[in-house]
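Reader: I would like to go through the side-chain interactions in this structure with you. Could you bring it up, please?
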Amino acid sequence: MRILLILPAYNEEQTILQTVRQIQETSFPEGMEVDYIVINDGSTDGTEALCRQHQLNCLSLIQNLGIGGAVQTGYLYAARYDYDIAVQFDGDGQHDIRSLADLVKPVMEGRCDFSVGSRFVTRSSGFQSTALRRLGISYLSAVIRLVTGQKITDVTSGYRAGNRRAIQYFAHNYPVDYPEPESLVQLHKKGLTICEVPVNMFERSGGKSSINCFRSIYYMIKVTLAIFIAAMQRGEEFP
């Protein structure tokens, strides 16, 4: 099973090399052929130079597209090179590569089209985020449950895996801003099945989050509206 890790990176010179090295040094179970692609999203620091210097598999965008555009570029790459599964994997060191096998297992076994790595399905010893962010996640989880009928505990998780159907859909349709919650509703509307898997995460080891306390209210309002708009779209099943 050919698996592609999509690493969106914007000004991640402090962490990207270490993140890639962890991937390269990990032994995966038999049947998992794991590659990676760094999507350098118009970084203004030394991210691109570092990737070139160490000959990392990197695709550089000529300008910053934001997380949605960077991730969609990764899905386009996965579709073009015919990967079986694409996994979103942060370049800032937050995602535990040791959880990858658990994350992709239900997708490999055909039990779902898309799996979400969750910190909250079972109690994790890893990073749980701040109390304020957990409150926001719980709120968005309730909104998504209202419009889809499905409970997803970690709706903002960026550690996610999709099969060929998900790859093809996201290669052509992916939200632009803070896309994780909205994209789950889109998949549901298109008839793709979603499941959650317990994973471990770490606190980011470098870089800067795109969401701060001043943007939290704006984020919640915008994502809530995006979820309801996505829920009102036509629900034709994606082939």
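This is a predicted model: local features need pLDDT of at least 70, side-chain atom pairs count only at pLDDT 80 or more; totals for chains, interfaces and linings use all residues.

Reader: Where in the chain do Y75 and F170 lie?
Author: Y75 belongs to helix α3, residues 66-80, and F170 to helix α6, residues 164-172. The two are 95 residues apart, and their pairing links distant parts of the chain.

Reader: Buried or exposed, that pair?
Author: Y75 and F170 are both buried.

Reader: And how is the pair of Y75 and Y174 classed, and why?
Author: The pair is tilted, because the planes of Y75 and Y174 stand at 40°, with the ring centres 5.9 Å apart. A tilted pair is one that falls between the limits of 30 degrees for stacked and 60 for edge-to-face. This pair also links distant parts of the chain: Y75 is in helix α3, whereas Y174 is in the loop between α6 and α7 (180-189), 99 residues apart. Both Y75 and Y174 are buried.

Reader: Which residues form the aromatic cluster?
Author: One aromatic cluster is formed by Y75, F114, Y169, F170 and Y174.

Reader: Now to the surface. Which residues form the nonpolar patch?
Author: The patch consists of L146, I217, I221, L225, F228, I229 and M232. Together they have about 790 Å² of accessible area.

Reader: Which helix gives the most to it?
Author: Helix α8, residues 216-231, gives the most, with five residues. I221 is found in that helix, α8.

Reader: Why does F28 count as partly exposed?
Author: Its relative accessible area is 22%, so F28 is partly exposed.

Reader: What is F28 in contact with, leaving aside its neighbours within four places in sequence?
Author: F28 is in contact with I23, V34, I97 and L100.

Reader: On to charges. How many salt bridges does the count come to?
Author: The count comes to eight salt bridges. Among them is the one in which the side chains of E48 and R52 meet, at 3.0 Å from N to O.

Reader: Why are E48 and R52 separated by about one helical turn?
Author: They are four residues apart in helix α2, residues 47-53, and therefore about one helical turn separates E48 from R52. E48 counts as partly exposed at 28% relative accessibility, whereas R52, at 62%, counts as exposed.

Reader: What about R164 and D82, which parts of the chain does that pair link?
Author: The side chains of R164 and D82 meet in a salt bridge of 2.5 Å, N to O. The pair links distant parts of the chain, with R164 in helix α6 and D82 in the loop between α3 and β4 (85-88), 82 residues apart. R164 is partly exposed, with a relative accessible area of 38%, and D82 is partly exposed as well, at 45%.

Reader: Which residues do salt bridges with shared partners join into one network?
Author: D82, D84 and R164 are joined into one network in that way.

Reader: Buried or exposed, D154 and R119?
Author: Both D154 and R119 are buried. Their side chains also meet in a salt bridge, at 2.9 Å from N to O. D154 lies in the loop between α5 (131-148) and β6 (160-162), and R119 in the loop between β5 (114-118) and α5, so the pair ties together parts 35 residues apart in sequence.

Reader: Finally, the backbone. What is phi of N11 near?
Author: Phi of N11 is near 55°, a positive value in a residue other than glycine. N11 lies in the loop between β1 (2-9) and α1, and counts as partly exposed at 23% relative accessibility. Q55 also has a positive phi, near 55°. Q55 lies in the loop between α2 and β3 (58-60) and is exposed, with a relative accessible area of 73%.

Note on methods: Residues are numbered from 1 along each chain as its sequence is written. Side-chain values use heavy atoms; hydrogens and water are left out. Buried means under 20% relative accessible area, exposed over 50%, partly exposed in between (1.4 Å probe, protein chains only). Rings of Phe, Tyr and Trp (its six-membered ring) pair if their centres lie within 6.5 Å; planes under 30 degrees apart count as stacked, over 60 as edge-to-face and the rest as tilted. Patches are made of residues with over 30% relative accessible area and no salt bridge: like charges are joined within 9 Å, nonpolar side chains (Val, Leu, Ile, Met, Phe, Trp, Tyr) within 5 Å. Accessible areas come from the Shrake-Rupley method with a 1.4 Å probe; for residues, only the protein chains shown count as cover. A salt bridge is a side-chain nitrogen of Lys or Arg within 4 Å of a carboxyl oxygen of Asp or Glu. Contact means heavy atoms within 4.5 Å.
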